[in-house]
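Let's walk through this one together, question by question. Have a look at the sequence and the fold before reading on.

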Amino acid sequence: MAPERDTGTRERNPAGATAAPRPRARLDQPRPPRHRFLPEWDPEAFGRLSEKIARFLGTGRFIVWMTVVIILWVVWNISAPAALRFDQYPFIFLTLMLSLQASYAAPLILLAQNRQDDRDRVNLEQDRKQNERSIADTEYLTREVAALRMGLGEVATRDWIRSELQDLVKELEERRRHDGHVVFPAERAERSPGRDADDR
């Protein structure tokens with residue numbers, strides 16, 4: 001007797017496949033976090049910080065504070081006792097600090113400008129789309145108004161109907177005068193009141 005095959009518990013491989021089946025990823029669960037060796041940071045938070053720094057660098061407060069620090073630096077290194085001076089007359093360390101501050105300020109300002117350019121580009125795109133929608137709406141309303149004007153040109157107005165009725169009355173009166181026929185029943189009733197009384 002041949003052994004029975006357990007087909008319910010074992011996964012079937014396609015015919016000719018020799019590789020082991022891959023485990024299926026579950027779509028109803030998030031992927032586990034991958035370990036990274038490099039530090040991670042939020043680019044939006046760094047961009048916001050750079051914009052704050054660039055805004056501060058462009059204010060008068062920063063210029064006043066930098067001027068006060070430089071004056072104190074120079075006065076301290078000239079008038080302080082020789083043992084307490086940390087930067088002698090050519091002030092090389094001060095020059096190094098200012099160049100370091102400038103080397104950091106320039107990329108931060110550029111980064112803030114790039115973010116502002118991105119915002120301006122998005123705003124311009126939204127304005128362009130809004131203008132396109134406004135132009136399309138205006139063209140649609142223009143076509144509708146033109147259609148209404150054309151439709152109103154074919155509609156009979158009250159004055160036109162009144163003038164047509166007056167012309168018709170005049171024409172009927174002229175026919176009665178020429179033919180001698182009674183056109184309106186009211187006139188016939190006025191001419192023969194006895195007949196109306198008999199009819200009643």
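Buried here means under 20% relative accessible area, exposed means over 50%, and partly exposed is in between (1.4 Å probe, protein chains only). This is a predicted model, where local features need pLDDT of at least 70, side-chain atom pairs count only at pLDDT 80 or more, and totals for chains, interfaces and linings use all residues. Residues are numbered from 1 along each chain as its sequence is written, and side-chain values use heavy atoms, with hydrogens and water left out.

Q: Is methionine 97 buried, partly exposed or exposed?
A: Methionine 97 sits in helix α3; helices are DSSP runs (H or I, at least four residues), numbered from the N terminus. Its relative accessible area is 35%, so methionine 97 is partly exposed.

Q: Which helices do the buried residues of α3 pack against?
A: The buried residues in question are Leu94, Ala105, Leu108, Ala112 and Arg115. Taking contact as heavy atoms within 4.5 Å, they pack against α1 (43–57) and α2 (60–79).

Q: Which rings does the tilted pair with 5.4 Å centre to centre join?
A: Rings of Phe, Tyr and Trp (its six-membered ring) pair if their centres lie within 6.5 Å; planes under 30 degrees apart count as stacked, over 60 as edge-to-face and the rest as tilted. The structure holds 4 aromatic pairs. One of them has 40° between the planes, and its partners are tryptophan 73 and phenylalanine 93.

Q: Which parts does the pair of tryptophan 73 and phenylalanine 93 tie together?
A: The two parts are 20 residues apart in sequence. Tryptophan 73 counts as buried at 14% relative accessibility, while phenylalanine 93 is partly exposed at 37%.

Q: What kind of pair do tyrosine 89 and phenylalanine 91 make?
A: Tyrosine 89 is exposed at 66% relative accessibility, whereas phenylalanine 91 is buried at 12%. Their ring centres are 5.9 Å apart and the planes meet at 65°, so the pair is edge-to-face.
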